[in-house]
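Please consult the sequence and the structure shown here.

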Amino acid sequence: KAGSVGGLEYLVRLFLDRTRECEQLEEQAAQPPSRDGESGSVRPVEASIVASYLAVLLGCAFLDNAENQAEALRVLPGGMAPLVSVLEPFLASQAQTAVDPHASAMLESLSSVLEVLKGAT
């Protein structure tokens, strides 16, 4: 039991690291390109995808598990709001690009995870 809470705290901290990395990379991408011509514009997207999947994973860990929700609320600054702010645009982008016949089931699952997070804040 204690191992799972420790693992959850690790995932929350990893999520927070990725969201900070996203913010830093977005700030760098907003700056003019360096003289060598490299803009690095792909990195913010990659970091955002990693943060989104971590948010999905954490959200799934909170489904019907008050202990996991309480542990995350203890560690997350601002409650579940950081997870919600990452998942909302991710869900919207998934809805726009979904062409697979199973996509509606996936979107439904993601929506339920998002609702759990919103309800836990």
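Helix α4 contributes the most to the lining of the largest pocket, with six residues. The model is predicted: local features need pLDDT of at least 70 and side-chain atom pairs pLDDT 80 or more, while totals for chains, interfaces and linings use all residues. Residues are numbered from 1 along each chain as its sequence is written, and side-chain values use heavy atoms, with hydrogens and water left out.

**The largest pocket**
- The lining comprises 16 residues, and Cys22, Ser48, Ser52, Val86 and Pro89 lie nearest the centre of the pocket.
- Two or more lining residues come from each of α1 (2–30), α2 and α4 (81–97); helices are DSSP runs of H or I, at least four residues, numbered from the N terminus.
- Seven lining residues are nonpolar, six polar and three charged.

**Helix α4**
- With 17 residues, α4 reaches 25 Å from its first C-alpha to its last, close to the 24 Å expected at 1.5 Å a residue; the expected span is 1.5 Å times one less than the number of residues.
- Buried residues of α4 include Val86, Leu87 and Phe90; buried means under 20% relative accessible area, with a 1.4 Å probe and protein chains only.

**Ser52**
- Ser52 lies in helix α2 (residues 42–62) and is buried, with a relative accessible area of 3%.
- Not counting residues up to four places away in sequence, Ser52 touches Val86, Leu87 and Phe90, where contact means heavy atoms within 4.5 Å.
- The Ser52 side chain reaches the backbone oxygen of Ser48 at 2.8 Å.

Terms used:
Buried means under 20% relative accessible area, exposed over 50%, partly exposed in between (1.4 Å probe, protein chains only). A polar contact is a pair of N or O atoms within 3.5 Å; within protein, one must be able to donate a hydrogen and the other to accept it, and residues adjacent in sequence count only if both atoms are side-chain atoms. On a 1 Å grid over the protein atoms alone, a cavity is a set of points where a 1.4 Å probe fits but cannot get out, and a pocket is an open set with protein on both sides within 12 Å along at least five of seven lines; lining residues have an atom within 4 Å of a point. Ala, Val, Leu, Ile, Met, Phe, Trp, Tyr, Cys and Pro count as nonpolar, Asp, Glu, Lys and Arg as charged, and the others, Gly among them, as polar.
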